[in-house]
Each structure stands twice: as structure tokens, then as C-alpha cells.
Amino acid sequence: KVHGRASHAGLDPEKGVNATVEMSYIIQQIVALENKEFGTTVVPTTLHSGTVTNTVPALAVLDIDSRSFTMAELERIDQSIKNLKSKHPEVRLEVTGGINRPPLELHSTQNLYATLEKVAASIGMKAIGSASVGGASDGNLAAATGVEVLDGLGAVGD
């Protein structure tokens, strides 16, 4: 959340601190945290700002979806977001939330995946195939406890 100061947009815009404008600077900092080398995404998603068209917005609220294949990357993103600085000296930033799913790291799926492919071949099925995505399923939670997990084999799968 970016907390600015409301003022009349027509009569006294200079008396306000525009939370929407400040959020635009924050969004640029957030997007810059992405790391394609590690498959880390940082995506600003929902943004709510302002109340009426004739008032400098005093509040802007942004949600962020970040995903990665390693916990270290998620922790880097989380800490970086918590350390964001505003451009305007009178703005107050309020960061809530954090990591809500650990990544489903490859080592948690490799053995079961190999078994899956062997069983599929033994019953005459073609190779199942695999994909790694920075998802956020319950499989991530199970894998974080040390349990091996296969994920994404739901009702529409083979």
C-alpha cells in the first residue's frame, strides 16, 4: 500500500501526495526484481487507487504474484519488496503478506517422475512428459515437508 495525501485535483493538486504516481515508481522497482536466469517472475497484478476523479489519490493498493524455482529466490524477492523505498518523502509504504507457497523444487519430484515414466512404459503408454512451472499448488506445501510429490496430474491428465 502506498499512503499519500488527498487534495482537490482541480483546486489544490499541489497540496496532495499522489499515491497513484508514487505506486508507478514502486511498480518499476518491483518489475526490476525479476530474474529470467532463475525463472523468477515478479508480476504486479491487481491495482486499486483513488476514490473519485476530482481528488488526488491518497491510497494505492497493489497485489504482486511472484514465483520461482528456489526458496532462495523467493526470499530475495520477499526481502527486496519489504525494503522498497518511496520516491516522495511524505509517502508511507505499507507492505503486508509474503511468501505463501514454497517452490516445488525439482529434487522433490525427480524420483517419482522417473517411476511414473517407467510404469507408463510398462503398460504401453507413451511418455507422460513433464514441465516445470513456478506454480503455487498444495503440492508445494507437501514437498516443503520433505515428501516427494508429483503435481499437475489432475482429472484432465492421462
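Which residues lie nearest the centre of the largest pocket? In this predicted model, they are Ile-64, Asp-65, Ile-81, Thr-96 and Gly-98.

**View 1. A look into the largest pocket, with about 750 Å³ of space.** Count up the lining here and you get 34 residues. Sorted by class, that makes 17 nonpolar, nine polar and eight charged residues.

**View 2. The elements that build the lining of the largest pocket.**

View 3. The class tally for the second largest pocket reads 11 nonpolar, nine polar and two charged residues.

**View 4. Ser-68, in the loop between β3 and α2.** Is this serine, Ser-68, buried or exposed? Ser-68 counts as buried because its relative accessible area is 4%, and the cut-off for buried is under 20%. The side chain of Ser-68 has a partner, too: it makes a polar contact of 2.9 Å with the side chain of Thr-40. For a sense of scale, pick out Ala-19 as well: Ser-68 and Ala-19 sit 49 residues apart in sequence, and their C-alpha atoms are 29 Å apart in space.

Methods. Residues are numbered from 1 along each chain as its sequence is written. This is a predicted model: local features need pLDDT of at least 70, side-chain atom pairs count only at pLDDT 80 or more; totals for chains, interfaces and linings use all residues. Side-chain values use heavy atoms; hydrogens and water are left out. On a 1 Å grid over the protein atoms alone, a cavity is a set of points where a 1.4 Å probe fits but cannot get out, and a pocket is an open set with protein on both sides within 12 Å along at least five of seven lines; lining residues have an atom within 4 Å of a point. Grid points are joined across faces, edges and corners, and a volume is the space filled by probe spheres set on the points. Helices (H or I, at least four residues) and strands (E, at least two) are DSSP runs, numbered from the N terminus. Ala, Val, Leu, Ile, Met, Phe, Trp, Tyr, Cys and Pro count as nonpolar, Asp, Glu, Lys and Arg as charged, and the others, Gly among them, as polar. Buried means under 20% relative accessible area, exposed over 50%, partly exposed in between (1.4 Å probe, protein chains only). A polar contact is a pair of N or O atoms within 3.5 Å; within protein, one must be able to donate a hydrogen and the other to accept it, and residues adjacent in sequence count only if both atoms are side-chain atoms.
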